[in-house]
Amino acid sequence: MSELLDKIIKENDIKNIDPKDYRALAKEIRLKLVRSVSRTGGHLASNLGAVELTMALHLCLDFPKDKLVWDVGHQSYVHKLLTGRADVFDTLRCMGGISGFPKVRENASDTFDTGHSSTSISVALGLAKARDLKGTDEKVFAVIGDGALSGGMAFEALNNAAALNSNMVIVLNDNKMSIAKNVGGMSNYLGKIRANRKYRDLKVNVENALDRIPNLGQPITRHIRKAKSSLKHLFISGMLFEDMGLIYIGPVDGHNIDEMVTAFRTASSIHDQPVLVHVLTKKGKGYKPAEKKPDIFHGVGAFDIRSGEPEPDHSVTYTEIFGQWITENAAKEENMVSVCAAMPDGTGLRGFSEQYPERFYDVGIAEEHAVTFAAGLAAGGLRPIVSLYSTFMQRAYDQLLHDVCINELPVIITLDRSGIVGKDGETHQGIFDLSYLSSIPGVTVLSPMDGEELKESLNYAMYHMAAPVVIRYPRGAAFEYGKKHTIFDFGKAEILQEGKEVLILAVGNMVETALLAAEFLGKSNIYPTVVNMRFVKPFDEALVENLAGRHSVVVTMEDNVYSGGFSERIQAFLQCHGWQGKNCIPICLPDVFIEHGSPEELYEKYGMDAISVAGKIEREVKR
C-alpha cells in the first residue's frame, strides 16, 4: 500500500505532502522501484540513489513550466512517479507502456528525450538562452552524473556556459560511478572534493562568526566572499568549475532533502551566472543487493527481490563468447590490447581486464576518444580491439572515418547490441550501424550468424587482416547452427541450403530467422536457397549476381533500417547488373525510430519474424 505515493496523481502534488512524511514517501518510492523493476527489468541502482534528489528538485520546480533535463535519462524513474505515472509504472519498458527514458510525448514534464550520455548541459544551455531571448522566467536545471561528466561533450558545454551571463543550474549527481567504477582525471578530481570538507566547514564557520560582530562583521564577510577564489584554491587545488566561470555549491548530502532544497533555491536565485550544485548520492541506496553490487543493478533484467538474483538463464551469449575469445587469444597475441568506454561488463571484458590489466583501457564515457585512442595504439604497432554498443558507436562515426579508415589502421571494433535491443527503445536500438558503416571506404563489416562464426570472424580479423574491421552481433543468446561452416575467406558468403525460385540473402542474426522461414515454406512446397552473407562490406558480388540470375524472387534480410542498409545496396547492385527477376523483397526495419518492447514483439510488429517472412514470400510466389 503506497498511501503517500497514491496522493501524487499529477505533477507538483509532492508540494502537498507534509515535510515530516518525506522520509516515508522516499521509502514508498524505493519499494515501488524494486517491485516494478524486478518484474520488467530496467535501471535500478541509479534510480534508488536519486530518490531524495528527485524529490528535492520537484519541491523547487514548477512543472511543466520549469525545465529539467536528465542526462542519459535512465535515472528518471522517480521523476515519472512524481509526475503522476505511478498508476502505469508497472508497464515500464513494456510494449505500449511507459518508456525507461524521458519522453516528451509521454508527459510534458519530460523536457527532452534523452538516452545517450553527456548531453544535458548543452540542452539546458540552449533552453536557458531561448528563455532569455523570449523574456520568460522559467528555471532551467540539468542533472548529470559524475560518469557522464567524463564525456567530452559535457566539457564543451561547461566551457560555453560561462558565456551565458544568465542563470541555469547544473546538478552533479555524484555517486562515484557511471556503470562500472569511474576512471580518469575527473573522477580523481571529484574524489578530492568529496573528501575535502575542510574548505566548506571553514567557510561556513568563519562567515557565521563574522556575521555576529556588530557593524564590522558583514563588511568583512563581503570582502572575504570577494576573495573566495583564493580561499578555495588554498584548500582545493584547481577548483575547476569556478575557474571555468561557474559558481560551485557543495558537496551537498544527496539524501538530505532540506539541504538540497536550500542549495537548489540558492542556486536559482543567482541571476547572472550558471551554478553547479555538487550532490553526493549512494547508488543502489535502500536495497541491499543493489548497494553491494551497484554495477550489476545498473541495468538489470527480471530478478528475485529477496535474493537479488536474476532469473536463471543458462544460454551462452554473444557477449560471453567474445569475452572468452579475447581472453584466450591475448595469451598468444602480445600486441593485443582492449579499449572500452565505461562498460567492461556489458561488453564481456571483465575477465580480460582482470587477467591483463596492463593491456586493458577503460576510457570512461568517451566513445569518440576511445576510437581515436585506438587509432594511436594501432599507429604505435599494437592491435587494439574497441568494444562498444552499436548505438554508442554512432557517436564516433567521424573518428572511425577520419582517424582509423583514412589512415588504414588495423583497428578491430566489436559492436555488441546490434540490431533490435528491445526494452530501452529508440535511443538504444542498434539498427543504423550497417547504414553508417557501409558509407565509409576502407572498412570491412562482418555480421556472423552464430557463436562459432563470431569466433571465426574475430580470428580472421586478428590474424588475416591489417585494415579496419567492424564485427557486429546482437544482444542475448547466441544461435547454434549445429553444422560445420565452409572455409572463411575474405568477402565470401556461405550457401546454407540450395533451392529454387526464391533466393534469401540474410545477414547476422536474421540467418536463423531465414532458416526457420525456409522450414515453414517447405510445408507449402516452396524451397528457397538460403545464403549466410557473412560480409556486409564488401559483400559477395559474384555469388549474388550468379544466384540472382537463377531465381525469380530475391529476399534480403537484415536487422537494420532500409535506408543505406544491406537491402538497399543489394537492390541497387541488382538493378545496375540488369537483373530481370520478378521481385526483390526487403525484410528490414522501416525508416523510423523503433519504440521499446521485447525483441520478439518488435520483430512480429515489423514483419520480421519467421512466420511473417514466410507469409510474405509465399504470397509473392503465388502472385
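**Exercise 1. Is Ala342 buried or exposed, and what is its phi?**

Ala342 has a relative accessibility of 3%, so this residue counts as buried; here buried means under 20% relative accessible area, exposed over 50%, and partly exposed in between, with a 1.4 Å probe and protein chains only. Next, look at the backbone: the phi of Ala342 is positive, about 75°, although the residue is not a glycine. Finally, place Ala342 in the chain: it lies in the loop between β6 (336-340) and α15 (350-355). Helices (H or I, at least four residues) and strands (E, at least two) are DSSP runs, numbered from the N terminus.

The model is predicted, so local features need pLDDT of at least 70 and side-chain atom pairs count only at pLDDT 80 or more, while totals for chains, interfaces and linings use all residues. Residues are numbered from 1 along each chain as its sequence is written, and side-chain values use heavy atoms, with hydrogens and water left out.

**Exercise 2. Where does Glu501 lie, and what is its phi?**

Start with the element: Glu501 belongs to strand β13. Its phi is near 70°, a positive value in a residue other than glycine. With a relative accessible area of 34%, Glu501 is partly exposed.

**Exercise 3. What is the strand order of the open sheet of five strands, and which strands stand at the edges?**

Reading across, the order is β12-β14-β13-β16-β17, with mixed pairing; two strands pair if DSSP finds at least two bridges between them. β12 (494-497) and β17 (583-589) each have a single partner strand, so one side of each is left without a neighbour in the sheet. Neighbouring strands are turned by 20° against each other on average, direction ignored; axes are lines fitted to C-alpha atoms, for helices over the stretch in contact, and angles run from 0 to 180 degrees between N-to-C directions.

β12 and β14 (residues 529-532) pair in the antiparallel sense over three bridges, and Glu494 has Asn532 in β14 as its bridge partner.

**Exercise 4. Which helices lie across strands of this sheet?**

Take α21 (residues 510-522): this helix lies across β12, β13 (501-506), β14, β16 (551-561) and β17, and runs at about 140° to β16. Then take α25 (residues 610-622), which lies across β13, β16 and β17 at about 165° to β17.

**Exercise 5. Which residues touch the most other members of the largest nonpolar core?**

A nonpolar core is a set of buried Ala, Val, Leu, Ile, Met, Phe, Trp, Tyr and Cys residues joined through side-chain atoms within 4.5 Å. Among the 61 residues of the largest one, the answer is Ile471, Ile504, Val555 and Met557. Helix α21 supplies the largest share of this core, seven residues.

**Exercise 6. Which residues of α23 (residues 566-576) are buried, and where do they fall around the axis?**

The buried ones are Phe566, Ser567, Ile570, Phe573 and Leu574.

Definitions and conventions. Contact means heavy atoms within 4.5 Å.
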